[in-house]
Structure formats: C-alpha cells, structure tokens
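Please read the points below with the model open beside you.

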Amino acid sequence: MGSHPGPPLGRRRFLALSAGGAAAGAATLSGCALKVAGAATGGGESITMMVKLDDISAELIQQAQKELGIRITVVQDDITRLIAMLTNGKPPDLVRGLGALDAPYFAARGVAEDLDPYFAKSTILKTDDLDPANDVWRFDGTTQGKGPRYGMAKDFSQDAMFWYNTALFDKAGVDYPSETEPITYEEWLENAKRLVQRKNGQTTVYGGSYNGVNLTVLLTNLTAAAGGSLFSEDFTRVDFTTPEARKALTWYVDYAKTRVGPSLIQPNPDTWDGPTYVANRMAMSGNGYWLGGMINGDPKVAEVSRLAPAPVFEGGPRLSSCQAGTGMWMPKKARNKDAAWRVFEWFFGEGPAKARAEGGWGIPTLKSLRPLMPRKEDYQKRVLEVQEAELEHFSVTPFTPYVKTEAIDALINQIIPAAMNGQISVDTLAGRLNSSVNDQMKRGKEQVG
C-alpha cells in the first residue's frame, strides 16, 4: 500500500501550504459557519460532500436517500473552507478534486485516505474495470500514476485534443485537420491566424482557444509534448529555461501575442470556451471529448463539429494526457467512511455514472460503461472513432506534490502578461518564473518534509 511521505499536517503547516490567500484568512477560519447548499431529509446515515453545486443535483441527493438510505449534505467546493475543515479535524466525508493536480498534494500531506482496501472489496468498482485514466489518482510518495489509489475520476478527457467547426474552416478556406494524424502546434497556430475574424478592431470569431485546464498544467503538458519535463526528477523545482520548456513558453506567448484566441491579455467575455464555441464564434477549442456533452445539445453545431488528435511539436513524442481527471477523494479523518464509500460506489459506478456516460460529458472511467457513450448520430460515431483511436496515446503527466497548482498559476498570471505584451523576452520570462515558482516550491518541500 505504501506509506505517506510525511507526517500529518498541523493547522499552521497546512495553512502555510494553501493557495490563493488561504493563509491570510486563517484567523477567520476556525469559527466560520458552513453554508449548506442542499441536503436530503429523513433518518438513517448521513455524509457531507464538498463539491461544485452542479456535481450532484437536488434530484440526485433525493435519489441517494431513496436508493441508499443515506442523507447527503452538500457544501460548496472551496479550498479555504476545506483547509479549515481539515485542520479542525472535521472534514467532509467526500471531496471534489482534480486527480491530475490534487492527488499528489493531498496524499503527500497524509490527509487523503488510501482507497485500495475499499476497491479490493467492492463488487461495483472493480480494479480490472478501471480505465488507466484513473491512475492520475495514484501516488506512491514519489511518483504520480503509481502506488495506492486516493480517489477516482468521474469521467475524463484527453484534454489536449481539440474540437473544430468545419463551417468556419470552409468559410476561411482552411483545410480540415486530420482525424487520425496529429498536426503540429505550429500548424494549429497558423490555422488559427487564418480563421480569426475581426471587425472594427474587435474579435468577432476566435481562430482558436488553447488554454488547458489552467496555465500551469498547460505549460507542464506542452513541455512534455516538446520532449522534456517542467519539473526536476524529484519534483522539488521547475526549470522554464530548458529547451523544451522554452519551446512551450514561446509557443504559448506567441499564441497570446497573435490574439487569435482568449488569453490573459484578451479575456473571453463568456469566461470559458463552451458558450462561445456553440455560438459559432470559435473555430477551434482546445478541450477534449467532454465538451461534446455541450456540443450535442445543439444538433446544428454538432453536425459541423469534429474532434482532432492532440497536436505535437516537431520531433517531440505523441502524447495525449488527461489534465484534470475530476472526481472525489476521501479525507483520512472522514467520520462516516463506510457510508461515504457506498455513495462513492453509487456515484461512480451506478445510476449517476451511467447518465453521465450517455450524455457525452467525458469518457466513463469504468470500461464497462464505455458502450453507453453517444453513438446514435453519424457525427457522434465519427467523434467516437477519433476518440477511441486517441486512447492508444493516453499518458499521465506527473505533477509536483509540493505546491497547489493555484499557487503557481497566481505567480504565472502576474509575470507572463509582460511577455505577451512584448515588454520582456521569453528568456527573461523564464528566469523570472524560475525564481518565483522555485521559491514557492522550496517552502512547500520544507513544510512537507
């Protein structure tokens, strides 16, 4: 099963490691009242879930009460609140998380429950039925993708794949990307330059959007696609000055400079790609299969939409990783672990999981649910064929356990706009990122031990 690579955190140590100003708010956390977003009433066992409010609807809460006899109280997902609950010894029973980013962080701090014993006994979530994408939730104390399972993804996508609108390609006279062989990132950007539409100095149709789950994980994966690693072998440092990391930085800064798509210097008023893409105002969207759940809601858009393999850098490996793996984990100090596991089984392996699979909102993480993926319409069959072929190139890009991605993102967001606006060079950018991020990671390593 493996041991946790460090002692359990006390309140001060955990708060010091948190992202986004949680430490600054520490004084108010110990007495904060939890605002409950929804709960089922009635007798029997009960658990608390910290999730996004649309992760589990009021109808599902009632369904759990009826089918399982377990009352569910939902608390809005919030990192500051989570840290307060963990450090006070009264955590939720289940917590939403992004396996690709959160699993190493919480496992290294000894606050996540090793779920291997639960999986071993389950007749619903069988380990031989788990898609390899669930390996983002594994961590052996050193390497992500190996060791105990600390959670499970509710569904997944290979997030470097991209959707494209054939009608907008036709209008611009641009050839469609191959559905079997990846184009290069350079080709993707050249296409975006030809596809962008502007009027009176304003962008009316984005040529393409490519921002990943967040900037940190995007740059991590772009560096891997260039053949390198953003992190040192022991994950205690970053190095943006390596040839591979510099190639990743240069490409993304060029993407922002050309203003063909949303970025920190050209925010999308819709705040994310989905509404913009289905409104025919975005020719390419760097989101994986899961966006099909929204695209399928508009048959006219779905009929002109295609899914393409993840791009590659010339000379780099063909990689197509999952950048999120959104799911849940169980805190080690959860009070109702057996009831929480029963809800976990139900959510990931029974009715809710089947409904997600049928809607096209991501690839099911149980292989046995794969036949439920949408394939009725010709365009759905075509998308599914591309996606199934891409699975051969799935990989896990390991992430550091020493700092939350939100903390690195905050540093990148402060520094990178100057390069996007042409005020500093990529070399200067790389040096500043190294200095700021490594200082943060050094503190994280010292606090984990």
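1. D102, K404 and E406 are joined in a network of salt bridges, a salt bridge being a side-chain nitrogen of Lys or Arg within 4 Å of a carboxyl oxygen of Asp or Glu. Counted by this rule, there are 18 salt bridges.

2. A word on the basis of these values: this is a predicted model, in which local features need pLDDT of at least 70 and side-chain atom pairs count only at pLDDT 80 or more, while totals for chains, interfaces and linings use all residues. Residues are numbered from 1 along each chain as its sequence is written, and side-chain values use heavy atoms, with hydrogens and water left out.

3. D135 and R149 form a salt bridge through their side chains, at 3.5 Å from N to O. Because D135 lies in the loop between α6 (116–121) and β5 (138–139) and R149 lies in strand β6 (residues 144–149), the pair ties together parts that are 14 residues apart in sequence; helices (H or I, at least four residues) and strands (E, at least two) are DSSP runs, numbered from the N terminus.

4. D135 counts as buried at 17% relative accessibility, and R149 counts as buried at 10%, where buried means under 20% relative accessible area, exposed over 50%, and partly exposed in between (1.4 Å probe, protein chains only).

5. R342 and E350 also form a salt bridge, with their closest N and O atoms 2.8 Å apart. R342 is partly exposed, with a relative accessible area of 27%, and E350 is partly exposed as well, at 22%.
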